[in-house]
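Here is a short tour of aromatic contacts and nonpolar packing. Please have the model open in your viewer as you read.

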Amino acid sequence: LSLSMLLFLMVVTIGLASQIGNLEGILPAVKDIPHFKVLERWGSNGVIGSCIVVFAAISVIFASNHGEFFVNIFDKYGCVLVLSSVGLMELIAIRVYGMRRF
């Protein structure tokens with residue numbers, strides 16, 4: 001194997017590992033949502049497969065001809081919105097439950 005093939009395999013392996021980590025973080029939340037209880041009859045492989053199909057459909061946006069444009073939009077606006085909402089929810093939780101119970 002040449003060095004370039006090893007580098008490509010390393011990048012693919014790192015990408016798969018990060019997707020598995022993302023999937024393991026999302027699956028418990030998806031399984032707990034009452035509207036997604038229908039997916040239980042498919043079993044855990046059906047839930048995992050459906051999540052993978054959704055992830056693949058979303059990733060097509062970034063692999064298209066205008067993918068860099070969408071990456072910039074998500075980078076500039078998506079991260080700020082998510083982090084701001086998480087911080088706001090933490091502040092509300094501390095205010096509602098009190099600092100000692102939080």
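## Ground rules

Relative accessible area sorts residues into buried (under 20%), exposed (over 50%) and partly exposed in between, using a 1.4 Å probe and protein chains only. This is a predicted model, in which local features need pLDDT of at least 70, side-chain atom pairs count only at pLDDT 80 or more, and totals for chains, interfaces and linings use all residues. Residues are numbered from 1 along each chain as its sequence is written, and side-chain values use heavy atoms, with hydrogens and water left out.

## Aromatic pairs

Rings of Phe, Tyr and Trp (its six-membered ring) pair if their centres lie within 6.5 Å; planes under 30 degrees apart are stacked, over 60 edge-to-face, and the rest tilted. That rule gives two aromatic pairs here. Phe 62 and Phe 74 are edge-to-face because their planes stand at 75°, with ring centres 5.1 Å apart. Phe 62 sits in helix H2 (residues 43–63) and Phe 74 in helix H3 (residues 67–97), so this pair ties together parts twelve residues apart in sequence. Helices here are DSSP runs (H or I, at least four residues), numbered from the N terminus.

Phe 62 is partly exposed at 31% relative accessibility, and Phe 74 is partly exposed at 46%. The pair of Phe 69 and Phe 70 is edge-to-face, at 5.6 Å centre to centre and 65° between planes. Phe 69 counts as exposed at 51%, while Phe 70 is partly exposed at 30%.

## Nonpolar core

A nonpolar core is a set of buried Ala, Val, Leu, Ile, Met, Phe, Trp, Tyr and Cys residues joined through side-chain atoms within 4.5 Å. The largest one has five residues: Leu 23, Leu 27, Val 30, Val 47 and Cys 51.

How values were computed
Helices (H or I, at least four residues) and strands (E, at least two) are DSSP runs, numbered from the N terminus.
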